Amino acid sequence: QLQLVESGGGSVQPGGSLRLSCAASGFTLDYYAIGWFRQAPGKEREGVSCLNSRGGNVYTEYSDSAKGRFTISRDDAKNTMYLELNSLKPEDTAVYYCAASDPELSDLYSFCMLVPSKYDQWGQGTQVTVSS
């Protein structure tokens, strides 16, 4: 059974930091493009960051709001992906989802995209709340 299990969300004050984790089981993350998305109440799910290291090069992409504040990474030994959130703002409040994209389904062989429909495996989501 393919599964992504998230952890690490919580409540922080503006300017604070969090580290989200997403452990994969039933498949190995390094074969897939991986991504983080978020969805705030009443809004559509939006891409935050993605990473693909197939082909030998590490390709990453960040949304404009994430650039310079968030960092995506992957630990192959643990088969786990991470999203480091720094300098958090109230507008970062959302449910955060990790996702993985099988390149045979999405054609994401050497790059990634912040497009939810390109990802076929999803975590359950973890709440991040930024408030004073």
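Mentor: Happy to. One term before we start: two strands count as paired if DSSP finds at least two bridges between them. Also keep in mind that this is a predicted model.

Trainee: Okay. Which residue in the hairpin of S7 and S8 takes a positive phi?

Mentor: That is Asn79, with a phi near 50°. The hairpin has 4 residues between its two strands.

Trainee: And how many bridges do S7 and S8 pair over?

Mentor: There are 6, in the antiparallel sense. As one example, Asp75 stands opposite Thr80 in S8.

Trainee: What order do the strands of the open sheet come in?

Mentor: The order is S1-S3-S8-S7, so to speak from one side to the other, with antiparallel pairing among these 4 strands. At the edges are S1, residues 3-7, and S7, residues 70-75, each pairing on one side only. On average, neighbouring strands of this sheet are turned by 15° against each other, with direction ignored.

Trainee: What is the bridge partner of Ser21 in S8?

Mentor: It's Tyr82. S3 and S8 run antiparallel and are joined by 6 bridges.

Trainee: Is S8 largely enclosed or left open by the rest of the structure?

Mentor: S8 is largely enclosed, because 5 of its 6 residues are buried.

Trainee: What about S1, which residues are on its covered face?

Mentor: Leu4 and Glu6 are on the covered face, while Gln3, Val5 and Ser7 make up the uncovered one.

Trainee: What does Leu4 touch?

Mentor: Leaving out residues up to four places away in sequence, its contacts include Cys22, Phe27, Leu29, Cys98 and Trp122. Leu4 also belongs to the largest nonpolar core, which has 27 residues. Leu4 is among those with the most contacts inside that core, and so are Leu29, Trp36, Phe70, Leu83, Leu85 and Tyr96.

Trainee: Which strands supply at least two residues of this core?

Mentor: S3, S4, S5, S7, S8, S9 and S11 each do. There is also a second, separate core of 8 residues, including Cys50, Leu108, Leu114 and Tyr119.

Trainee: Changing topic: how many salt bridges does a search of the whole structure find?

Mentor: It finds 6. One of the pairs is Arg38 with Glu46, where the closest N and O atoms are 2.6 Å apart.

Trainee: Is Arg38 buried or exposed?

Mentor: Arg38 counts as buried because its relative accessibility is 6%, and the cut-off for buried is under 20%. Glu46 is partly exposed, at 36% relative accessible area.

Trainee: What does Asp92 meet in a salt bridge?

Mentor: Its partner is Arg69, at 2.7 Å from N to O. Asp92 lies in the loop between S8 and S9, and Arg69 in the loop between S6 and S7, so the pair ties together parts that are 23 residues apart in sequence. Both Asp92 and Arg69 are buried.

Trainee: One more residue. Where is the place of Arg74?

Mentor: Arg74 sits in strand S7. Its side chain meets that of Asp76 in a salt bridge of 2.5 Å, N to O. Asp76 is partly exposed, with a relative accessible area of 44%.

Trainee: And which polar contact joins the side chains of Arg74 and Ser53, I mean at what distance?

Mentor: That contact is 2.8 Å. Not counting residues up to four places away in sequence, Arg74 also touches Leu29, Asp30, Ile34, Leu51, Thr80 and Met81, among others.

Trainee: Thanks, I'll go back to the viewer and look these up.

Definitions and conventions: Residues are numbered from 1 along each chain as its sequence is written. This is a predicted model: local features need pLDDT of at least 70, side-chain atom pairs count only at pLDDT 80 or more; totals for chains, interfaces and linings use all residues. Side-chain values use heavy atoms; hydrogens and water are left out. Axes are lines fitted to C-alpha atoms, for helices over the stretch in contact, and angles run from 0 to 180 degrees between N-to-C directions. A polar contact is a pair of N or O atoms within 3.5 Å; within protein, one must be able to donate a hydrogen and the other to accept it, and residues adjacent in sequence count only if both atoms are side-chain atoms. Contact means heavy atoms within 4.5 Å. A nonpolar core is a set of buried Ala, Val, Leu, Ile, Met, Phe, Trp, Tyr and Cys residues joined through side-chain atoms within 4.5 Å. Buried means under 20% relative accessible area, exposed over 50%, partly exposed in between (1.4 Å probe, protein chains only). A salt bridge is a side-chain nitrogen of Lys or Arg within 4 Å of a carboxyl oxygen of Asp or Glu.
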